[in-house]
Amino acid sequence: MDIRAHVISLNETRARVWEEGKRLLDDTAGREMSAEERQTWDRLNERLNEIDEQVRSFVAREQREREAAEIREINASIFGEAPKVAAVDPNAELRSFLRSRSGSYEVDIQPVIRERELLRRGGGAAEFRALYGDTGNSGSLVPTTLARSLYEYLEASIAMFRAPTTKITTASGETIEFPYLTAHAIATQVVAQGTTIGGTDPGFAKLGLGAFKYGSLVSVANELLTDAVIDLGAFLGRDMGRALGRVIDADLVVGSGTNEPNGLMTAGSARVKTGGTAITAGYDTLVNAVYSVADEYRMGGSAGWLMADSTAGTIRKLRDGAGGTIGAVLWEPSLTNGLVNGTPDRLLGYPVFTDANVAAQGSNARVLAFGDMSAYYVRQVGNPVIEADASYGFDKDLTTFRAKWRVDGDLIDVNAVTVVLQNV
């Protein structure tokens with residue numbers, strides 16, 4: 001399948017559905033929709049959400065396949081068809097671990113992260129050769145199949161990994177304190193020579209990031225461990241990556257901050273309130289959200305919206321006049337949404353990100369966030385670790401694998417992100 005062509009076709013269908021929806025909005029501008037019109041709008045909006053989900057799925061798949069193919073090609077140009085680095089097979093240790101069916105195995109995803117960062121910056125064979133030859137890197141210089149598969153699915157599952165947040169990896173899990181400014185220094189004008197220079201000192205505070213443990217269990221038939229046809233590394237990476245990713249994603253988005261990360265939607269300052277029973281407070285509320293953060297956050301290049309798909313569906317029909325009922329439609333659909341080097345949909349000129357963990361519209365729900373995503377820090381401790389135990393499922397001839405990883409997250413500057421609170 002030509003995934004890129006399929007995504008373009010989906011976006012063209014998306015555009016036609018959106019135009020049909022806009023015509024319905026135009027016909028009902030300034031008045032309430034009838035029951036039949038409301039049913040039609042809900043059907044169109046549901047179709048838009050279905051297409052968005054398909055696009056996200058195909059784009060994640062296309063990115064994994066494209067990057068894997070590019071890396072294979074680069075590796076082949078450097079090492080030949082059977083790459084070797086320092087005469088060490090990077091998967092030998094993994095195979096030995098799987099055969100033993102006991103003990104633990106640290107999945108070194110750091111080379112994968114460096115590999116992906118270099119690839120996405122447009123690095124060529126010479127830079128990859130230098131990367132693989134850097135003896136300062138820990139672990140295998142060429143990532144294992146398990147490491148690549150695990151990281152790919154972690155990245156695909158965790159919205160705060162994909163968003164332009166700040167990622168920090170540490171070797172150990174002790175609490176780390178990050179200083180940040182709470183108030184900038186203010187200078188004074190010097191009127192005459194010999195005048196004492198005044199001004200105020202900057203204010204500082206600290207953000208402490210710890211390390212919360214996440215785990216997943218998966219049992220595998222022992223026949224699979226000895227079947228050479230099965231790529232068990234890819235299977236374990238995919239299954240455990242998804243399992244860890246889903247729970248970590250939920251905590252980084254809506255975690256309470258008590259015995260779990262402080263999620264972006266929890267940490268953000270609820271400075272804007274809808275004042276109604278729905279998000280239909282409309283244009284004024286959204287504009288207030290944008291201008292509730294300073295221009296340094298709005299203009300820094302990492303500003304955007306975060307919301308649930310259902311909230312995005314409601315906002316699609318808002319306009320810029322008469323409480324959102326007449327005037328120009330605020331939503332700006334993108335024909336290249338999801339494509340490599342494409343652009344996401346935009347709202348008031350800023351990209352829109354959706355995540356299933358953001359609260360849907362409801363009483364006192366935190367339904368929207370806007371601001372500088374890079375102010376949210378994601379702390380990762382080392383690498384995921386996989387442990388094996390043949391006794392847990394001995395009666396069923398199974399070997400059980402347990403994946404563990406420690407992660408934390410918090411907003412370093414509460415002024416950088418505003419949350420829209422409904423029904424207050």
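1. In this predicted model, K404 and E387 form a salt bridge, with 3.3 Å between the closest N and O atoms. The pair links distant parts of the chain, K404 sitting in strand β15 (residues 398–411) and E387 in strand β14 (residues 376–393), 17 residues apart. Shared partners join E387, R402 and K404 into one network of salt bridges. K404 is partly exposed at 24% relative accessibility, whereas E387, at 18%, is buried.

2. The whole structure contains 7 salt bridges. One of them pairs D345 with R14, with the closest N and O atoms 2.0 Å apart. D345 belongs to the loop between β10 (331–332) and β11 (346–347) and R14 to helix α1 (residues 3–27), so this pair ties together parts 331 residues apart in sequence. Both D345 and R14 are buried.

3. R43 and E20 also meet in a salt bridge, at 3.9 Å from N to O. R43 is in helix α2 (residues 35–79) and E20 in helix α1, so the contact ties together parts 23 residues apart in sequence. R43 is partly exposed, with a relative accessible area of 47%; E20 is partly exposed at 33%.

4. The largest nonpolar core comprises 89 residues, and L236, L252, W305, L347 and F401 have the most contacts inside it. Helix α9 (residues 232–254) supplies the largest share of this core, 7 residues. Leaving aside residues up to four places away in sequence, L252 touches residues including I158, F161, Y376 and V407.

5. Helix α6 (residues 145–157) spans 18 Å from its first C-alpha to its last, close to the expected 18 Å. Of its 13 residues, 11 are buried, so α6 is largely enclosed by the rest of the structure. Among these buried residues are R148, E152 and E155.

Technical notes
Residues numbered from 1 in each chain as written. Predicted model: local features only at pLDDT ≥ 70, side-chain atom pairs only at ≥ 80, totals over all residues. Heavy atoms only, no water. Core = buried A, V, L, I, M, F, W, Y, C linked by side-chain atoms within 4.5 Å. Buried < 20%, exposed > 50% of the residue type's maximum accessible area, 1.4 Å probe, protein only. Helix = DSSP H or I, 4+ residues; strand = E, 2+ residues; numbered from the N terminus. Contact = heavy atoms within 4.5 Å. Expected span 1.5 Å × (residues − 1). Salt bridge = Lys/Arg side-chain N within 4 Å of Asp/Glu carboxyl O.
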